[in-house]
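The following exercises concern the structure shown below. Each task is followed by a solution in steps.

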Amino acid sequence: MLRWSTWLHKWLALIVGLQVLGWVVGGLVMTAIPIERVRGEHRAAAFQSLPLPRDGVAELATVADGLGVQPIEATLKTTLRGTVWILKDTEGRTHVADAATGRHVAPLPRSEVRLLAGAQYEGEGRPVAVRYFAQAPQETGRQGPLWRVDFDDAEKTSFYVSPDTGEVVSRRSDLWRFYDFFWRIHILDFKTGENFNHPVIIAAAALTLPMVLAGFVLLWIRLARDLRALRRRKA
């Protein structure tokens, strides 16, 4: 059993040892860094939601007809740009309309994006760069166009801003990207960082289990030998 356990433990450790190291280091990173800081919640300025207006709001049916949309979901909400209707159509597309006029809201200009992002930021940083993306970057986890505003704080915080509502829909930073790197190592999904049920990680876990069990066998054999040697010395 000793020879077989040694052989199994050695070769499995060579195969999955680096991944086990990645799991341990990644687990340390993910437990040592508060998830609230990773999400950038400390950079979000506190706002008290304004109540919805009682008057001057176009009816949902009127807005939908004007936009030529058959909504499967509709939300009336207040934003930094005023009160808007947010409609989602049968194809999953989102339409944002001014709640007073019922018309599509005009996309945010660059200068207004900087101001709105700064109003929603908490900290010592200043907005230093504004960039428009026709398609949201993968790290946002969203679809469609977005503005990105970069701040010069220590974490290099980035706010992704909706061009329709002016809301910050995603917060990212170098700290988030550092965390995300180890998360992808942890689940072995380097493409999207979302799939933790794929065959590679299942195989890695399956190979790690016999390696650990063989290690326990070797430990038990070694401890048994040491105990016998201790008894002989006492005798």
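**Exercise 1.** Determine in which loop Lys-156 is found, and whether Lys-156 counts as buried, partly exposed or exposed.

*Solution.* Lys-156 is found in the loop between strand S5 (146–151) and strand S6 (158–161); strands are DSSP runs of E with at least two residues, and helices runs of H or I with at least four, numbered from the N terminus. Next, phi of Lys-156 is near 55 degrees, a positive value in a residue other than glycine. Finally, Lys-156 counts as partly exposed because its relative accessibility is 46%, where buried means under 20%, exposed over 50% and partly exposed in between (1.4 Å probe, protein chains only).

The model is predicted: local features need pLDDT of at least 70, side-chain atom pairs pLDDT 80 or more, while totals for chains, interfaces and linings use all residues. Residues are numbered from 1 along each chain as its sequence is written, and side-chain values use heavy atoms, without hydrogens and water.

**Exercise 2.** State the order and the pairing sense of the three strands in the open sheet.

*Solution.* The order is S1-S2-S3, with antiparallel pairing; two strands pair if DSSP finds at least two bridges between them. At the edges are S1 (73–79) and S3 (94–98), each pairing on one side only. S1 and S2 (residues 82–88) are joined over seven bridges. Within this pairing, Ala-74 has Leu-87 in S2 as its bridge partner.

**Exercise 3.** Identify the aromatic cluster that includes Tyr-121.

*Solution.* Tyr-121 forms one aromatic cluster with Phe-151 and Phe-159. Rings of Phe, Tyr and Trp (its six-membered ring) pair if their centres lie within 6.5 Å. The whole structure holds seven aromatic pairs.

Key: Rings of Phe, Tyr and Trp (its six-membered ring) pair if their centres lie within 6.5 Å; planes under 30 degrees apart count as stacked, over 60 as edge-to-face and the rest as tilted.
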